[in-house]
Amino acid sequence: MPQGRIAGADLIVVGTVSIVTMAAPSPRVPITLHDPVWNRAMIEIEGVEKGTPTGTRVEALFPSSTDVMWYRVPKFHEGQQGIWILRRTVIEELGVTGYTALDPEDVQPKDRLAAVREALAAGEGS
Amino acid sequence: MQQVTVVNMVQNDQSDEAHQDSEPNLTVNLANPRELAGTAFTPDPASGPDAPIYVSADGGNTWSLNPIVPYGNNITGTYDITLRFASTTNNLYLAYLRVDYSSGFGPTYPLDVVRTSNYLGPAQAVILEEIGDRDVDQPFIQAATVPAGPDAGKDRIYVGYNDLSAWPPGRSASLDVCLDVAAASPVFTTVRLEHRDTSGQDGPQVRTAIHPDGTVYAAYYGWRATTGLFGNNTLVVTDADLVLVRDDDWGQGPNPFTALVDGGDGVVGQRVVGGISFPFELTGNTLGQQRVDGDISIAVDPGNSSTVYLAWADIQPVGYTLHLRRSTDRGVTWSPDLLTIENATNSSLAVTSQGIIGLLYQQLEPGGGRWNTHLMQSPDEVAWHDDLLATTPADIPVRQFDPYLGDYAYLTAADRTFYGVFCANNTPDPANFPNGVVYQRNHDFTARTLLGTDGSTRIAPSIDPFFFTVVPDPCRALEDQVAALEDEISTLIDALASGEIPPPPKTAASIAAVRAYIRKLERELPHLNQRLQQCRSVHPDPP
């Protein structure tokens with residue numbers, strides 16, 4: 001379990017992605033080949049393991065690009081279930097601050113919940 | 001006799017790897033051409049903090065990895081990375097992109113320029129410049145050592161890149177110049193190459209060519225109009241200029257890279273071609289799994305700085321197409337297409353000391369089944385010899401990320417020899433490499449399979465970098481022409497004798513027309529043979 005990612009997370013929730021949309025639907029100039037192509041994913045929260053969400057759902061931003069710079073970053077899709085280890089991140093391209101899961105270990109399958117809780121408890125105890 | 005060597009660059013102890021090691025680059029130490037270095041999207045096998053470069057000290061026969069590039073990542077090493085030896089000082093310079101999360105607030109994408117004076121040693125390369133506060137793309141470096149005059153011995157580098165922070169007004173084609181980069185505290189100057197309005201930005205390809213007399217050329221796509229959306233993979237550059245700028249004194253005057261003024265609009269930067277259109281793809285769509293986003297390559301004749309070549313790409317009714325043109329008056333006027341190549345990308349140009357122009361490119365076969373990597377070469381831009389370096393499956397492996405093969409490949413020349421690098425499917429099938437191939441990693445040519453470090457486990461095909469050298473025979477293209485003409489004459493004579501031609505209804509006139517055509521070809525043959533003999537009188541012993 002990614003202890004460092006869990007310790008540094010602002011919000012950890014169990015949930016299901018309900019909607020994915022492009023974050024910047026209008027043509028954006030300038031463009032680099034490494035543009036993250038940020039998308040928004042709405043996660044319907046089923047449980048909160050860390051942090052305090054403002055409602056029953058939370059919006060996360062993720063780079064949908066398959067470019068070399070972003071292909072290993074988790075992609076979200078509608079209906080996807082999991083444990084989401086989220087951090088508040090400044091997204092300069094969009095001029096916003098939002099929750100992201102940029103490390104491959106920031107999205108865990110639901111059956112890893114016990115391990116996540118264990119890591120959280122270990123972090124609190126240390 | 002021409003010599004062709006192709007070497008898979010993955011070292012033997014990495015025989016288990018199946019990574020997409022795409023987007024290669026290469027440099028040859030002109031002071032000692034047995035010393036070479038390369039790059040690709042290759043992580044450090046030891047998962048250390050530095051990214052590796054490929055190194056060879058035996059002329060490219062064997063390669064190993066040397067992790068010396070600061071701020072590596074364990075997935076692809078770095079992102080866009082290119083490298084060059086200076087001409088005579090043994091210094092190696094690299095320019096590359098990385099992602100930096102260290103601020104804790106979000107990712108930034110710095111461009112770093114680094115130097116090592118010992119590319120084989122373990123010492124980390126020294127950071128010379130870091131552009132961390134701007135949004136930049138595709139750094140592409142060239143380097144030279146000043147050969148004579150008051151600055152003799154100084155290393156100079158030119159890093160072309162797209163500076164998207166220049167928007168507005170969007171004149172983003174940029175060049176960072178350092179006139180004494182081996183100095184203790186090198187000073188970099190940013191030159192904005194674009195002098196016209198853009199659609200919001202220029203293209204990412206900013207390519208330079210340096211001549212030892214101080215002439216430096218730079219070429220870029222000036223974007224004038226676009227449609228579609230990059231995020232939807234529908235962006236098309238509908239109007240672009242291929243622009244060439246030039247400096248005649250190393251780029252060190254008060255107004256660098258302003259020597260070429262377009263006669264049409266009176267603005268700095270010769271518009272070599274206008275009205276260019278091409279897709280600008282996030283992910284491969286036009287050419288199989290390979291994304292296309294424009295191609296630019298430039299080379300200057302080492303024997304004459306007035307002769308400069310440009311290759312570029314556009315979209316034609318037949319598909320994504322490469323073009324090659326030449327200027328003999330320092331970029332003012334240009335030939336028509338010397339070559340036009342359909343469904344091809346990753347063009348790279350170089351000129352040998354004998355004045356032989358080489359064009360490296362990768363072409364997707366009709367039907368999309370194979371990627372064919374070619375080196376075309378010509379002593380006179382009329383007769384061309386084509387070496388097929390590799391013909392490899394295009395649908396295997398499935399792309400891990402974009403770019404599949406790389407947004408560029410690379411060709412260079414040292415003295416009379418071409419050196420190059422390309423990426424391709426690494427299946428060890430001798431039929432895929434018509435001029436032969438050497439593998440360092442474990443393999444079985446008979447079973448056409450890769451083997452792991454244990455020598456027995458089958459390893460899936462992946463994308464690897466392949467190094468090659470071609471020692472051209474300057475008369476080879478003429479020999480090809482003579483052989484082709486002799487073959488055509490022979491075929492026509494046989495077809496006439498067998499009644500295969502002319503097609504019915506056969507008349508005395510149609511038979512006479514065929515005979516006349518054969519006689520015309522037969523009259524051309526002695527002239528060609530004479531040119532070949534003249535060539536052989538100059539080059540009696542093919543290298």
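Predicted model: local features only at pLDDT ≥ 70, side-chain atom pairs only at ≥ 80, totals over all residues.
Reader: How do you know what area is buried between chain B and chain A?
Author: Buried area is the accessible area (1.4 Å probe) that two parts lose on being put together, summed over both. For chain B and chain A that comes to about 2,700 Å², with 67% from carbon and sulfur atoms. On the chain B side, B:Tyr109, B:Leu229 and B:Phe230 lose the most area to chain A, together 17% of what that side buries.

Reader: Why is the pair A:Asp67 and B:Arg291 called a salt bridge?
Author: Happy to show you! A salt bridge needs a side-chain nitrogen of Lys or Arg within 4 Å of a carboxyl oxygen of Asp or Glu. The closest N and O atoms of A:Asp67 and B:Arg291 are 2.9 Å apart, so the pair meets that rule. Across the interface of chain B and chain A, the rule finds one salt bridge, and over all chains of the whole structure it finds 35.

Reader: Why are H1(B) and H2(B) called roughly antiparallel?
Author: Helix H1 (residues 476-498) and helix H2 (residues 508-538) of chain B pack at about 160°, with axes 9 Å apart. Angles over 145 degrees count as roughly antiparallel, so H1(B) is roughly antiparallel to H2(B). The angle runs from 0 to 180 degrees between N-to-C directions, using axes fitted to C-alpha atoms over the stretch in contact.

Reader: Where is B:Pro502, and what is its peptide bond like?
Author: B:Pro502 lies in the loop between H1 and H2 of chain B. The bond from B:Ile501 to B:Pro502 is cis, with omega near -10°.

Author: A note on conventions: residues are numbered from 1 along each chain as its sequence is written, and chains are lettered from A in the order in which they are written. Local features need pLDDT of at least 70 and side-chain atom pairs 80 or more, totals for chains, interfaces and linings use all residues, and side-chain values use heavy atoms, leaving out hydrogens and water.

Notes: Helix = DSSP H or I, 4+ residues; strand = E, 2+ residues; numbered from the N terminus. Parallel < 35°, antiparallel > 145°, perpendicular 65-115°, else oblique.
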